[in-house]
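Dear colleague,

Please read the cut-offs along with the values.

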Amino acid sequence: MKKLIIAASLIFTSISVNAQQDIMLSQYMFNGLFINPAYSGSHKYMSATLLHRNQWTGWDGAPKTNIVGIDGPLKNSTMGWGLIFANDKIGPTTQNDIMANYSYHLKLGKGKLSLGLRGGLSVVSSNLQGLSTVVSGDEAFATNVQSALLPKFGTGAYYYTKKYYAGISIPTLIAYDPDKNFSVDLNKSSDARRHYFITGGYVFDINPMLKLKPSVLVKYQKAAPIQADFNCNLLINDVFWIGASYRTNAAVIGIIEYQINPMFRVGYAYDYSTTAINRYSSGSHEIMIGIDLGHDIMKSKNPRYF
């Protein structure tokens, strides 16, 4: 019982300290749609990504995430569209999201600048009656919690060429809880908080068989310390990625991805916590399947870098 209480305390302390409301992923660098709506339509073909994340394995109630993202170009690649379906569960609480993304792409220098918008709904529910409580019959846990639909709107910008990219996004810029007064101040209109994401990456040609892609993701939320993911991935013979990441004050991560053919990719990431959580968990696992569809992907000479 003592071990369970300590473990639960670590989970909720970690969540509180990092103020994580947006879904955390380790393989974000292979599909930027999950963190930036401006990424939608940045390829000439339609692309879909299915991802499952099992965080802090070995703990009952640890976070589990299932997410599907699909996007593609419109109007000769001047505009893009995207959809995200996500299911995120931690303890007794489940959050389901559906988000639509739109982007407009402008030629700028050697690449394109994309401006994106995101809009959608979140539904959060809590199965409080299924919890075991210290005090029998505690009224605070006598009724399940079902939230009303929570509309959300976000934005982002993304600049990309064939070899490098940079982006900034606010996935939840405005959110409105019908039980509260509408306001552009999220503290007044909902329990959601603004998260800011800054990303960047570059692909270096080492030789005809090897390419190196360093990248970074910086995450900022007013009530939490700044956190950064530093990543470096090596592409071997245009089919096999192997790499590692360091998430500040959180984890070290190993990543592999295999390009089965021009259409299908599979990836796996393993997170090892660098905090006290590692005393109670063997780590986090993330599995990804990517599917690229359309005539243009068959004509592509290069693998998908980002």
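A residue counts here as buried under 20% relative accessible area, as exposed over 50%, and as partly exposed in between, with a 1.4 Å probe and only protein chains considered. On that basis, 44% of the 306 residues of the chain are buried. This is a predicted model, in which local features need pLDDT of at least 70 and side-chain atom pairs count only at pLDDT 80 or more, while totals for chains, interfaces and linings use all residues. Residues are numbered from 1 along each chain as its sequence is written, and side-chain values use heavy atoms, with hydrogens and water left out.

Overall fold

The chain holds three helices and 16 strands, where helices (H or I, at least four residues) and strands (E, at least two) are DSSP runs numbered from the N terminus. If contact is taken as heavy atoms within 4.5 Å, then 53% of the contacts between residues at least 6 apart in sequence join residues at least 24 apart. The accessible surface, from the Shrake-Rupley method with a 1.4 Å probe, comes to about 15600 Å², and 64% of that surface belongs to carbon and sulfur atoms.

Nonpolar cores

A nonpolar core is a set of buried Ala, Val, Leu, Ile, Met, Phe, Trp, Tyr and Cys residues joined through side-chain atoms within 4.5 Å. The largest one has 30 residues, and Y158 and F306 have the most contacts inside it. At least two residues of this core come from each of β3 (79–90), β7 (150–160) and β14 (251–259), and β14 gives the most, with three residues. Leaving out residues up to four places away in sequence, Y158 touches N36, A38, Y39, S42, K112, L113, S114, Y165, A166, G167 and F306. A second, separate core has five residues, among them W56, W59, I277 and Y280.

Strands around β5

Strands are said to pair if DSSP finds at least two bridges between them. Strand β4 (residues 93–108) pairs with β5 in the antiparallel sense over 16 bridges, and M99 stands opposite G120 in β5. These two strands, β4 and β5, form a hairpin with two residues between them, and G109 in the turn has a positive phi of about 60°. β5 also pairs with β7, again in the antiparallel sense, over 11 bridges, with S122 opposite L150 in β7. S125 lies in β5 (residues 111–126) and counts as partly exposed because its relative accessibility is 21%. The C-alpha atoms of S125 and N96 are separated by 8.8 Å, although the two residues are 29 apart along the chain.

Cavities

A cavity is a set of points, on a 1 Å grid over the protein atoms alone, where a 1.4 Å probe fits but cannot get out, and lining residues have an atom within 4 Å of a point. The structure holds two cavities of 30 Å³ or more.

A buried loop residue

T248 lies in the loop between β13 (240–247) and β14, and it is buried, with a relative accessible area of 17%. Apart from its neighbours within four places in sequence, T248 is in contact with I226, Q227, A228 and F230.

With kind regards

Definitions and conventions: On a 1 Å grid over the protein atoms alone, a cavity is a set of points where a 1.4 Å probe fits but cannot get out, and a pocket is an open set with protein on both sides within 12 Å along at least five of seven lines; lining residues have an atom within 4 Å of a point. Grid points are joined across faces, edges and corners, and a volume is the space filled by probe spheres set on the points.
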